[in-house]
Amino acid sequence: MSMLSDPLVDVTSRSATTLVERCCACIDQDLVALGESMRVLRSRRNGLARISCLPPEILVTVFRHFESSENHTSTSRRPRAPICQILTHVCKHWRQLALDCPTLWTFISCVSPRWLDAMLERSKDAHLVATYHAPVSLRDCLEPVLSHLPRIKVLKICSVSSDVDRIVELLSSQPAPSLQIFEFTVLGNVHHSLTPISDTIFQGQVPLLKTVELVSCSLSWIWNIFSGLRSLSVRGTTGALPTPAQLLSTLRYMPDLQQLTLQWLPTTFGDTELCDKVPLTRLKSIALDIGTTQNVVSLFEHLVLPTGVKVALHISQVEGSRNFSDLFSAMVHRASEGPSSVVRSLRAIRISNNGFIVQFSTAMAFKSHYYNSWNPADDDIPLSIQFTCNPLAHVQPTIIFELCRIASQGRIHSMFLELLYDVPELFWRTGSVGLLDLQVIHLSRNSIRGLIEALSIEDIQASGVAYPSLRVLELEGINFGDHEPEDLQHAFKQRAEHGARMHELRLVGCIKNLTASQVQLLEEAGVSVNWDGHKDETCVDPGRYGYASGRLF
């Protein structure tokens, strides 16, 4: 190996400073060369990684999926670099792939104008998915995006009322031949009249539009351009409420409608005898919050709906079971042909002193544990009703059973009751009269004293056996009172003696006044007990069992 000479050895009359500078320059050159060599070696080593062996088209597919999922799941409104921009700073190969893929730059969230021009340029002629949320600058963010309106495929706008007129003007300046999904939400209080959304929007040219969601917008209710809609959701309006004739006329232009939501629209249905019925023969789900029972009844009387359509209702000021009799009478005649779905399960939840949610399922158990997760597209709940009883009418919780009788003719096999609190024995006895085929009772966060008394058989001649087909009892989040486990065991023994033996008892989150020895006593009554035994818990998390507050729609 040759030895490097030391240039300082021969220093004589030359300037030591000059010589040091020359040496430093040579060393710097060697460091640069060494750095380049290390970069090349690192690049070669990275090239051996499995991800670097993926074909370019596979990497681009991964990039698109990541970009799409990030834009659909992210709730942050803080300015940050788009995913596609971040990808260009990983390596040279990824950067070139990202720049050569226009569809990677189509998810435009108008959070900051910093990257907007680059994304609009790099997306070239690809269809755009654009989202805007106030208070981001309208002029710097939304206006540049809407200048590309002809190639926008999905447009979601959330604006303050002061910007609505300008936005409607921009939306009316060009056709939108590529638009498929349009959502427009107006935030805050409105202190002046807004430009209504009418047929002039998109210059009346939006042939591919399938989904429209409007929240607190001013509406003209004359929408010939929306004739091809598959889904319409109108949640409130800042303008005049539609007349029954306007509402029915609007729906008449949408024969292919599959999902319809009308919320916060307390339209008063007066004389509608001259209005012809509107056929919506392709409708799959309908959710209504349009005021009183009479309004809902009047609307159903003017619609022709297919068999099996899923229904969600929010009704105010229920006076009693007669309201539901009229409602179901109208709903029975709504179907164009064939029988309705057979319901097997009932779920009832008290959401306020006078408010309830009652849902019916075609399955023995509800797929969605949260009552507010009703999905009209794929859920097993054909009917969901949220109603508020008039306090002056003194409506009792037993209205749940009356509603059950009207809706299902008593063919319920499973019943799920939540947050009904201290319901007495009379409540359970009333339910037993019409639910002779009931096999499963699921009780959550309630007192069970009334149920135990109803299940007990002290005088068979006087009361008979309550719920004679009952075989499974599920208790969730129940705090047992004094002697209630022993009383429940006694009721099980009595039922077994009269040919109504309980097969299974399921205990989840039941921790107060319940011991292992008491569970053993319940098993000695001939019942299979499934207990989670969570003795270390001091409280039950409401969200764990599906009692989190939410909305029906």
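**Exercise 1.** Is Arg166 buried, partly exposed or exposed?

*Solution.* The model is predicted: local features need pLDDT of at least 70, side-chain atom pairs count only at pLDDT 80 or more, and totals for chains, interfaces and linings use all residues. Residues are numbered from 1 along each chain as its sequence is written, and side-chain values use heavy atoms, with hydrogens and water left out.

Step 1. Take the classes: buried is under 20% relative accessible area, exposed is over 50%, and partly exposed lies in between (1.4 Å probe, protein chains only).
Step 2. Arg166 has 30% relative accessibility, so Arg166 counts as partly exposed.

**Exercise 2.** Describe the salt bridge of Arg166 and its setting.

*Solution.*
Step 1. A salt bridge needs a side-chain nitrogen of Lys or Arg within 4 Å of a carboxyl oxygen of Asp or Glu.
Step 2. Arg166 pairs with Glu169 at 3.3 Å, N to O.
Step 3. Both residues belong to helix 7 (residues 164–171), three residues apart, about one turn of the helix. Helices are DSSP runs of H or I with at least four residues, strands are runs of E with at least two, and both are numbered from the N terminus.
Step 4. A network of salt bridges links Glu143, Arg166 and Glu169. The structure holds 14 salt bridges.

**Exercise 3.** Find which helices the salt bridge between Arg449 and Glu484 connects.

*Solution.*
Step 1. The side chains of Arg449 and Glu484 meet at 3.7 Å, N to O.
Step 2. Arg449 lies in helix 13 (residues 449–455) and Glu484 in helix 15 (residues 484–497), so the pair ties together parts 35 residues apart in sequence.
Step 3. Arg449, at 26% relative accessibility, is partly exposed, whereas Glu484, at 7%, is buried.

**Exercise 4.** Locate Gly204 and list its contacts beyond four places in sequence.

*Solution.*
Step 1. Gly204 sits in the loop between strand 4 (181–187) and strand 5 (211–217).
Step 2. With contact meaning heavy atoms within 4.5 Å, Gly204 touches Asp199 and Ile225, not counting residues up to four places away.
Step 3. Gly204 has 34% relative accessibility and counts as partly exposed.

**Exercise 5.** Characterise the chain as a whole.

*Solution.*
Step 1. The secondary structure comes to 16 helices and 19 strands.
Step 2. Of the 553 residues, 45% count as buried.
Step 3. Among contacts with a separation of 6 or more, 70% join residues 24 or more positions apart.
Step 4. The chain exposes about 27600 Å² (Shrake-Rupley method, 1.4 Å probe; for residues, only the protein chains shown count as cover). Carbon and sulfur atoms supply 53% of that area.
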